[in-house]
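Let's walk through this structure together, one piece at a time. Have a look at the sequence and the fold first, and then read on.

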Amino acid sequence: MTRPIVFLSDLGLRDEFVGACHAVIARIAPGTTVIDLSHGVPPQDVNLGALLLAEVLRYGPDDSILLGVVDPGVGTARKAIAVETAGTQILVGPDNGLLSLAWRALGGVRRAFEISSPEVLLTPVSAVFHGRDVFAPAAAHLAAGLSIDRLGPSADPAALVSLTLDEPEVGPGTLACNVLDVDRFGNLRLNARAAHLEGAGLDRVQTLSVESTAMAVQARRTTTYGEVGIGEYAVLIDAWGWVSVIRFEANASAGLDVDRGDPVWIRASPEGND
Amino acid sequence: MTRPIVFLSDLGLRDEFVGACHAVIARIAPGTTVIDLSHGVPPQDVNLGALLLAEVLRYGPDDSILLGVVDPGVGTARKAIAVETAGTQILVGPDNGLLSLAWRALGGVRRAFEISSPEVLLTPVSAVFHGRDVFAPAAAHLAAGLSIDRLGPSADPAALVSLTLDEPEVGPGTLACNVLDVDRFGNLRLNARAAHLEGAGLDRVQTLSVESTAMAVQARRTTTYGEVGIGEYAVLIDAWGWVSVIRFEANASAGLDVDRGDPVWIRASPEGND
Amino acid sequence: MTRPIVFLSDLGLRDEFVGACHAVIARIAPGTTVIDLSHGVPPQDVNLGALLLAEVLRYGPDDSILLGVVDPGVGTARKAIAVETAGTQILVGPDNGLLSLAWRALGGVRRAFEISSPEVLLTPVSAVFHGRDVFAPAAAHLAAGLSIDRLGPSADPAALVSLTLDEPEVGPGTLACNVLDVDRFGNLRLNARAAHLEGAGLDRVQTLSVESTAMAVQARRTTTYGEVGIGEYAVLIDAWGWVSVIRFEANASAGLDVDRGDPVWIRASPEGND
């Protein structure tokens, strides 16, 4: 039995890109379970892809191969890598930081290898789609049991590209954040966690003010969607632990006129608190 | 071998929600076949989700676990349930009516259980995403052979939330319907079946008038798309038995300016009939 | 073990159409690997679907059943067919040319059969969705080992519908193409390959002019995305060998105001070449 592959990309599901990777995996490692974590990462958003790969770790199979393809530098000198960690999962993807939050969550890099063996690459390797010709074949061979050191020469763990995410600014009564992501419902995921709300003294404030550069709205501090009236804003902790701004049966992103990367401030509201 | 899971939700495929559920299933029940019936149910449209779950029953495997996640009340007092029916399938989802059309199609509820066992829930259970922490684990454990009565305490079948769908109004020569759904081609699925057309005396009328509050168009009564000219409207029975209004290589929803939930009237056209 | 199925359609992932086909396959051939090549083929674009089915052949498993559902003539007299080729793959789909580029790539048709056996069809066969009631069941039975001649009567290979794609016009210094497809990034795939660029004497020209009926832009001849500045146009060979016009971190389709089927001319730019 082959190891399962958890596959994340920004390739989208409209085109044949993801399907071609699935075809390659089925050819090399028949019967492999492929879990499509998401292919809707916004194009070239390495940061968000890195977050999702790190977050899925404790939910997926411990023997997974994690395959990440968010690769704005495809065809340039950036390396294609496979990473063995202190955990049981193996990571495969471009050396652009996409895998770095996952290997940190797994206790760090133990060994890393470039993917360059002619027995692994599909040749001629397309200069524009390493997902199909480099990363999917490597993940499939690992799923089928190939030893990681057969993929290519070893790479220096200390030289791999590693991400640092922007931290929110925590002041007394104010949390200054950025929008990490906007989901299909228009909910905002901010780059802050419950501990940041607490640090700003906002964790027990019932009515918050959420501000963009365009406008300010009142929002209730809640734990679920169901406590909020239609059209009302709320601040809650989302399923992955992020501070999230939602608007019940409406679109918080549109209402606040913010998108990914935009700044958002959370403060105690002057009104509505006891 | 594990039982297959048929998975329907309103979670969409842009984000990582569906992928996280797949990861959970693969961790608990490795090798399980998961059939993604649809994740494009419009957000919180419990009625449409319920219809789709009932309709797929005779097409999917008889030993399926049906997993439904359309859950506007997540985090509130609504129960998470698993339902054993007179049929062989087991149903898993929120107690909001989403499963009720399926259990009626399967001959009714035999036993029902709340999903609350700490051996099943992924803790801490997110207050906003029971798909990942409650429903997917329950479906996976059932797929792997766990007895349904191990999920939690039994629930009173008579107390479960059950849906009744709006019936169309059938008058002599007039069928007053609502739009159940608009598909990607802009085809309208109405809440009426062939028997309703017949009841209104419209089943053998060659040229019908289809009316929204905005406008009226002529439509041919056909059985297939291929009989209709480009841009022409037609009324036909869709693949699930619903009366459907289509516009060949064009968009009926846009043409009639109607969306889900809007009223539509079907009458004999004053013109074009022998 | 069953044979894998590679599934391509224009059914989209918003609705339950693809999911219903998966359900049918899982019922008839439990445990079958289904590779979703793409369900985002633009509605009724038989040409693009045919290209994708032919291109995936060398990436997917050699024992695949290829299932294609782009079927504007559903319910008309067009035949449903299964095709055995000089290769090992079997092709299943409507007789409208969708399979023809694949069978040509596989060395031609050896035997073909209509899909009409009552043991294969799901009855009553919907007049509007043969994907679920005709093609998916046929593919599943073949995956499970049914002999192709059990699907129905043999069909004359010479009478099957076969596609010919428009060739670009190659003149000295000019390549006149059409847009085959626009991907999610707005990249244009043209109906030309590297050999056509060469034939026009444009393969070593560093700066090209790309012209639509609306406007002309300068584009660099590159091999990868990474060499181009943000907002710049480039002409490169895409992952499947097609001449492609891209715009780095921007949308070439919008910038040139072209869509599928529109003409595009490539010439040497009067400026920017040594």
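Where does α4(A) bend, and by about how many degrees? The bend is at A:A136 and comes to about 35 degrees, taken as the angle between axes fitted to the seven residues ending there and the seven starting there. A proline, A:P137, follows within four residues.

Before going further, a word on the ground rules: this is a predicted model, in which local features need pLDDT of at least 70, side-chain atom pairs count only at pLDDT 80 or more, and totals for chains, interfaces and linings use all residues. Residues are numbered from 1 along each chain as its sequence is written, chains are lettered from A and ligands numbered from 1 in the order in which they are written, and side-chain values use heavy atoms, leaving out hydrogens and water.

Back to the helix, a DSSP run of H or I with at least four residues, numbered from the N terminus. Helix α4 of chain A covers residues 130–143, and its 14 residues reach 18 Å from first C-alpha to last. That is close to the 20 Å expected at 1.5 Å a residue, counting one less than the number of residues. Of the 14 residues in α4(A), 13 are buried, meaning under 20% relative accessible area with a 1.4 Å probe, protein chains only. After α4(A) comes A:G145, with a positive phi near 110 degrees.

Now for the cysteines. B:C21 counts as buried because its relative accessibility is 0%, and C:C177 is buried too, at 4%. Zero disulfides turn up over all chains, a disulfide being a pair of cysteine sulfur atoms within 2.5 Å.

Definitions and conventions:
Helix = DSSP H or I, 4+ residues; strand = E, 2+ residues; numbered from the N terminus. Buried < 20%, exposed > 50% of the residue type's maximum accessible area, 1.4 Å probe, protein only.
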